[in-house]
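Q: I am new to this structure and would like to learn how to read it step by step. Could we go from the overall fold to a single element, and then to the contact between chains?

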Amino acid sequence: MEFTAAEKQAIEKLRTRYPEPRSLVLPLLWMIQKREGYIPEEAVSLIAEELQIPPIWVEEPRTWYSMFNTQKKGKYIIEVCQNATCSVLGSEEIIDHICERLQIKVGETTADGMFTLQVAECLGSCGTGPVMQIDDICYDLLTPEKVDQILDDLRHGKVHEQQPLSFPEYQ
Amino acid sequence: MNNLKILLNYTPNGKSHTLADYLQRGGYNTLKEYLPRVKPDEIVAEVKTSGIRGRGGAGFPAGLKWSFLAKDTGKPIYLICNADEGEPGTFKDRIIMEENPHLLLEGIIITAYAINATHSYIYIRGEYAFAAQRVQVAIDEAYQAGYLGKKLPGTEYETNITIHRGAGAYVVGDETGLMNSIEGKKGFTRIKPPFPAVAGLYGCPTIINNVETLASIPHIVTHGGTKYKALGTQQSSGTKLFSVSGHIRKPGVYEVIMGYPFRDFLNNECGGIIDGRQLKAVIPGGSSTPVLRPEDVTDMTLDYESIEKAGSSLGSGGMIILAEGTCMVKLLEVLIRFYHHESCGQCTPCREGTGWLYKIISRIEAGKGQLDDVDELLRITKFISGYTVCPLGDAACGPINSFVEKFRDEFIEHIEKQSCPFGGKFIPFQEIVN
């Protein structure tokens with residue numbers, strides 16, 4: 001495993017922003033995950049070498065932060081918020097609906113490797129709950145129908161753009 | 001009268017996040033007009049006079065925090081903007097970052113100048129991809145326009161800002177966990193003292209402020225601390241953003257002058273409760289703040305002192321409103337599951353205690369509770385609160401103690417009936433509103 005030329009350039013820029021190389025651990029873990037979809041074990045020694053730090057200093061954050069995937073998962077990782085307001089607004093029903101549609105349980109990946117279903121804690125969009133995040137896109141005001149449309153779009157390779165927050169008015 | 005907009009001082013025209021729009025609204029004037037005329041110490045004094053209290057949740061006076069900064073240590077000084085916004089119910093920093101990022105940047109630059117910061121970091125939680133995108137574009141615009149990376153007009157000072165992305169950990173919202181995260185470590189929290197202002201990031205004097213606090217700085221220095229102090233109440237000056245969600249007609253982020261009556265806020269800004277239902281419970285400032293019953297909030301106003309008098313805390317301003325028909329035991333199960341999941345693990349009382357609490361509450365909700373379970377919950381919180389390195393343990397105890405105190409009869413009913421009286425579900429919100 002190697003860093004690409006572009007990645008190496010980005011790393012050099014990052015070095016100028018921090019007084020200590022260890023601070024680059026999180027940015028580099030993100031870099032690998034954006035490229036591979038997860039952070040394989042071999043990335044630990046790669047990053048440790050690059051930053052000239054002990055491998056344990058890379059392994060600890062890799063396994064501690066919840067957004068870092070230590071194993072390969074589905075092409076799309078669906079994170080449904082299960083916290084306070086979202087659960088009160090019906091996130092359980094959304095989670096059950098996805099489980100039924102995709103025929104998987106929370107934490108599992110579909111047989112075709114397309115979708116992994118996970119639960120997340122507060123994603124910071126309580127006003128438009130229930131909410132789910134897939135990669136960098138936050139989908140809100142979820143209903144079972146809306147979820148079906150989103151999953152269908154993704155299956156057909158459609159790329160969504162983040163819509164700015166827009167609050168509803170209920171009756 | 002509640003129309004003053006200091007933070008949400010833009011028209012939602014889809015362009016408010018751009019430099020052009022910000023300049024049109026008088027943006028960066030403070031940097032150009034005011035900074036050349038004042039010394040850094042004068043800015044700190046102005047912020048102290050304003051009385052602004054930290055808007056992240058702790059409510060500690062910002063100017064006072066700045067004055068604790070260790071001087072003449074020979075070490076670099078760091079400014080960190082805490083944009084980790086993880087407190088359940090809170091989504092107000094997000095609005096500033098996505099729709100008004102230049103206000104935040106101007107606030108950071110002024111603050112950096114005031115404390116002579118070597119470098120400023122904005123720590124944005126990993127989940128906030130869109131907010132990070134918008135803030136990065138704004139930073140690039142600011143560099144191009146010469147507000148960053150170049151000497152500020154009329155001064156010898158220049159500064160730089162770097163965004164540092166989190167990776168999913170509520171506990172790094174705590175300033176010491178946050179600093180460890182910027183240093184590349186797990187987000188374990190540190191014991192205080194030493195305080196960050198003395199020995200923080202990389203062991204250097206560091207000031208950490210919330211997004212909303214920093215975004216309030218341009219207004220304070222433009223109009224003066226005295227004017228800001230005159231807004232609001234005795235102990236709560238200025239305006240505060242409340243992000244409101246739950247069983248209300250108009251969820252959203254609202255800016256109010258401190259002291260605004262809660263009843264008016266609920267019925268006017270929030271549009272009242274859905275479906276004409278009755279109010280059952282209010283969580284005023286994020287899930288860690290104690291829950292209140294309707295009789296507690298009759299005369300409550302939106303400020304630190306009044307909410308404290310009512311028995312809770314203003315916290316982050318992440319307000320959750322719950323209507324009749326909500327199972328409070330089930331809601332508590334959701335909350336404690338969160339704290340247990342987010343416990344960093346270094347303190348036994350928090351790590352083991354939150355797990356134990358979760359098991360008991362799950363059992364009660366599932367209809368398998370025992371009568372002495374309720375008092376056992378209160379006994380366990382006594383072993384957590386005050387015995388941990390950081391306030392996450394205390395935060396978990398907030399809902400446990402208050403839910404049991406205010407809704408004890410519901411817990412007893414679950415146990416006596418050996419089932420959830422609400423059928424193990426929340427009210428069917430989607431059915432009601434659709």
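**Reading the model**

A: Let us begin with the secondary structure, keeping in mind that this is a predicted model: chain A comes to 7 helices and 4 strands, and along the sequence these follow the pattern α-α-α-α-β-α-α-β-β-β-α.

Q: What does the C-alpha trace of chain A span along its principal axes?

A: The C-alpha trace of chain A spans about 55 × 35 × 25 Å, and of the 171 residues in chain A, 37% are buried.

Q: How should I check the length of helix 6 of chain A?

A: The general idea is to count 1.5 Å times one less than the number of residues. Helix 6 (residues 91-102) of chain A has 12 residues and therefore should span 16 Å, which agrees with its end C-alpha atoms being 16 Å apart.

Q: Which residues in helix 6 of chain A are buried, and what do they pack against?

A: The buried residues of helix 6 of chain A are S91(A), E93(A), I94(A), I95(A), I98(A) and L102(A), and they pack against strand 1 (76-81), helix 5, strand 2 (115-120) and helix 7 (144-155) of chain A. Just after helix 6, Q103(A) takes a positive phi of about 60°.

Q: How many residues does the contact take from each chain?

A: The size of an interface is often given as the accessible area lost when the parts come together. Here we can count residues instead: the contact takes 43 residues from chain A and 51 residues from chain B. On the side of chain A that touches chain B, helix 2 (25-36), helix 4 (56-64) and helix 5 (84-88) each give two or more residues, and by class that side has 22 nonpolar, 14 polar and 7 charged residues.

How values were computed. Residues numbered from 1 in each chain as written. Chains lettered and ligands numbered in written order. Predicted model: local features only at pLDDT ≥ 70, side-chain atom pairs only at ≥ 80, totals over all residues. Contact = placed C-beta atoms within 7 Å. Nonpolar A, V, L, I, M, F, W, Y, C, P; charged D, E, K, R; others polar. Buried ≥ 20, exposed ≤ 12 C-beta atoms within 10 Å, placed from the backbone.
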